[in-house]
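Open the model in your viewer and keep the selection panel at hand. We will take it one stop at a time.

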Amino acid sequence: MIDKAIMRLPNIRKIMGVLAGYAILQALFIIGQAYTLATVITRLWEGQKLSAQLLMMVAFFVCYAARHAVTYLRDKLLDRFAQEQAKNLRHDLLQKIFRVGPTLVQEQGTGNVITMALEGISKVENYIHLILAKVMNMMIIPWMILAVVFLLDWESGVVLILVFPLIIVFMIILGYAAQAKADRQYHAFQVLSNHFIDSLRGIDTLKIFGLSKRYGKSIYNTSEEFRKATMSTLRIGILSTFALDFFTTLSVAIVAVLLGLRLINEGILLFPALTVLILSPEYFLPVRDFSSDYHATLDGKNAMTAIREVLELPEIEVEKKALAEVNQQTTLELEHITFAYDENPTLYPFDLSLKGVQKVGIIGMSGSGKSTLIDLLSGFLSPNEGEIKIDGVSVASLAQSDWQKQMLYIPQNPYIFQLSLLENITFYTPDATPDAIEEAIKVAGLTELVAELPEGLNTQIGDGARALSGGQAQRIALARAFLDKERRILLLDEPTAHLDIETEVEIKERMLPLMENRLVFFATHRLHWMHQMDHILVLEAGHVVEQGSFAELTAKRGHFYELTKQMRRDLDA
C-alpha cells in the first residue's frame with residue numbers, strides 16, 4: 001500500500017522516527033486511560049467513595065488530553081511535511097514539463113497534465129499525510145496494547161491475536177479488488193480531463209460545423225464511464241469498511257462474552273476484565289482508521305505513481321555551452337537537420353543559414369511540420385541528425401540555457417493565469433514600472449478591456465473568473481512580450497490561427513513593432529504575414545521545399561507560388 005517513492009522523500013527517516021515516538025506515546029496514554037478508568041469503576045464497585053477516586057479521575061483526563069495532544073502534534077508535523085513534499089513535487093513536475101516541452105503535454109494530454117499538477121498534487125499531499133500516520137499507528141499501537149492484554153489475561157490475548165490476521169487477510173483481498181477498480185477510475189479520470197479540455201478548445205469549431213451536440217454525447221459517454229468507475233470503486237470501499245467494522249465489532253463482542261462468562265464463574269477478577277474490555281476496541285482502532293481512508297490513500301498513490309512516471313521519463317542530455325546574446329552579427333546555421341516521432345519522419349533533411357536579427361516566416365498547410373520546426377528552434381525537441389552552429393559554436397540541440405533564456409514564445413492559445421489582469425500582464429516582468437505597463441497596455445490594444453472591467457487592472461481573470469476572448473488573450477500575451485525588453489528571440493506558433501481576419505489585422509499592427517531588433521521565427525498559414533518577413537521557409541509534408549525572400553520566391557513561381565494559389569483558391573496568385 002505504501003508507494004516505495006515515499007521512502008525516498010527527504011528527511012523521511014527522521015519523520016518516521018518522530019511518528020514512531022508519537023505512536024508509542026499514544027499507545028501508553030491509551031493504556032493509561034484504560035487502567036485509570038478500570039481502576040475507578042472497580043473501586044466504586046467495591047464500595048469506595050467517589051471522592052477517594054479524584055486522583056485516578058484526574059489521571060484519566062490527563063491521559064485523555066495527552067493522547068489527543070499527541071494526535072494534534074503529529075497532524076501538525078505531517079501537515080508541514082506533506083505540504084513541503086507536495087510543493088517540491090509540483091516544482092519538480094513543472095520543471096520537467098518546462099524541460100521536455102510541448103511534446104510531453106501532447107503525449108500525456110493537456111487535461112491530464114493540468115489535473116496532475118493541480119488536483120493530483122493535492123491528492124499526493126493528502127496521501128502522504130494519511131499513509132504515514134496510519135501505517136505507523138498500525139505497526140506499533142496494536143502490539144503494545146496486545147502485550148498489556150496478555151499480561152492481564154492471556155486467553156483474551158489469544159482471541160485478539162487470532163482474529164487480527166484474519167482481518168488483515170480480508171483487507172488484502174478487498175485491497176486488490178479496490179486497487180483494480182481505482183486504476184480503472186484514475187484512467188477514466190485522465191481520459192475525461194483530456195476530453196473536456198479538448199472540447200473547450202474546439203467548441204467554436206464544433207459549433208461552426210454543427211457538431212457540438214454530437215460531441216456533447218461523446219463527453220456524456222466519457223463522464224458516464226468515469227461515474228461508473230467511481231461508483232464501482234466506492235462500492236468496494238463501502239463493502240470493505242462495513243466488513244471490517246462487522247468483524248472487529250464481532251471480535252470485541254466475543255471477547256466481552258468470554259470475559260462475562262468467566263466473571264460469572266469467578267474465573268477472572270473485575271479489574272483485568274474491565275481493562276481488557278476497554279482496550280479491545282482500541283486494539284482494532286488503527287486498522288479501522290486505515291480502512292476508513294483506504295480509498296483516499298489509493299487515489300493519492302495512483303496520482304503519485306502517475307507523477308513519478310512523468311518525472312522518470314528519459315531526457316536527452318545536452319552539453320551546455322556558453323553562447324553570446326543574439327545581435328546583428330549572430331549567425332545561426334542548421335545543416336542536414338532531421339526529426340522523427342517514433343521513427344515516423346516529421347522533418348526531412350534541410351539546411352538553414354541566418355545572420356543577425358531578422359524575421360523568418362515559416363509557412364505551410366496544416367500538418368506540414370511548422371510546429372515541429374518551432375519546437376526544434378526552441379530547444380523543446382532535439383534533432384535526430386544534423387548539426388547546429390551558433391556563432392560557429394557547434395551544439396547538439398538548442399536546449400541551451402544561454403539560448404532559451406533569450407526566448408519569448410507566443411503560442412496559438414496563450415495561457416491566462418487565475419490572477420488579476422495586472423498580474424497576468426506582468427507575470428514574467430513583475431518589476432515593470434507603471435509607465436511601462438501603461439505603454440504595454442496601449443501598444444497591445446488592451447485599453448478598452450481595462451476600461452470595461454469593474455476593477456480595472458485589478459480584476460480577476462482566468463479559470464473560474466472573468467472569461468476572455470481569443471483576441472483578448474492574444475493581446476495579454478503581446479503585452480507580456482512588450483514588457484520584456486531583454487529577450488532577443490521571438491517564437492510564434494500560429495498565434496492568430498483561431499482569430500477572425502479583422503481581429504488578426506488589428507493585432508498584426510501591434511505585433512510588428514515587437515519584431516524589431518529581434519530574431520523572429522513566425523509559423524503560420526496566413527499569407528499576409530509573409531510580406532513583412534525577411535526570409536521565408538516553405539514546408540510541405542515535412543520537407544523544406546523552398547526558402548528565400550518574398551520577392552525571390554514570388555519571382556521563382558515554384559512551391560511558394562503554388563501554395564499561395566491553393567490558399568487563395570485563385571488561378572493567379
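What share of the contacts in the protein chain with a separation of 6 or more comes from residues 24 or more positions apart? Such residues account for 77% of those contacts, where contact means heavy atoms within 4.5 Å.

Before you click on anything, some ground rules. This is a predicted model, so local features need pLDDT of at least 70 and side-chain atom pairs count only at pLDDT 80 or more, while totals for chains, interfaces and linings use all residues. Residues are numbered from 1 along each chain as its sequence is written, and side-chain values use heavy atoms, with hydrogens and water left out.

**Stop 1: the whole chain**

Show the cartoon first. The protein chain has 18 helices and 10 strands; these are DSSP runs numbered from the N terminus, with helices being H or I of at least four residues and strands E of at least two. Switch to a surface: the chain exposes about 29,500 Å², and carbon and sulfur atoms supply 59% of that. Areas come from the Shrake-Rupley method with a 1.4 Å probe, and for residues only the protein chains shown count as cover. Of the 573 residues, 48% count as buried (buried is under 20% relative accessible area, exposed over 50%, partly exposed in between, with a 1.4 Å probe and protein chains only).

**Stop 2: strand β3**

Select residues 359-363, which form β3. Is this strand mostly covered or uncovered? It is mostly covered, with 5 of its 5 residues buried. In a regular strand the side chains alternate between the two faces of the sheet. Here Lys 359, Gly 361 and Ile 363 are buried on one side, and Val 360 and Ile 362 on the other.

Strand β8 (residues 519-524) runs parallel to β3 and is joined to it by 5 bridges; look for Phe 521 as the bridge partner of Val 360. Strand β9 (residues 535-540) is also parallel to β3, with 4 bridges, and Ile 536 there stands opposite Gly 361. Two strands pair if DSSP finds at least two bridges between them.

**Stop 3: the antiparallel sheet**

Next, find the open sheet of 4 strands with the order β2-β1-β4-β5 and antiparallel pairing. β2 (344-355) and β5 stand at the edges with a single partner strand each, so one side of each has no neighbour in the sheet. On average, neighbouring strands are turned by 25° against each other, direction ignored.

Inside the sheet, β1 (residues 331-341) is joined to β4 by 5 bridges, and Glu 335 stands opposite Glu 387 in β4. Follow the chain to the loop between β4 (385-390) and β5 (393-395), where Asp 391 is found. Asp 391 has a positive phi of about 55° although it is not a glycine, and it is partly exposed, with a relative accessible area of 35%.

**Stop 4: α15 against α16**

Finish with helices α15 (residues 470-483) and α16 (residues 501-511), which pack at an angle of about 5° with axes 11 Å apart. Axes are lines fitted to C-alpha atoms, for helices over the stretch in contact, and angles run from 0 to 180 degrees between N-to-C directions. That makes the two helices roughly parallel (under 35 degrees; over 145 is roughly antiparallel, 65 to 115 roughly perpendicular and the rest oblique). Show side chains for the contact: Gly 471, Gln 474, Arg 475 and Leu 478 of α15 meet Thr 503, Glu 506, Ile 507, Arg 510 and Met 511 of α16.

Last, step into the loop between α16 and β8 to find Asn 517, a non-glycine residue with a positive phi of about 60°.
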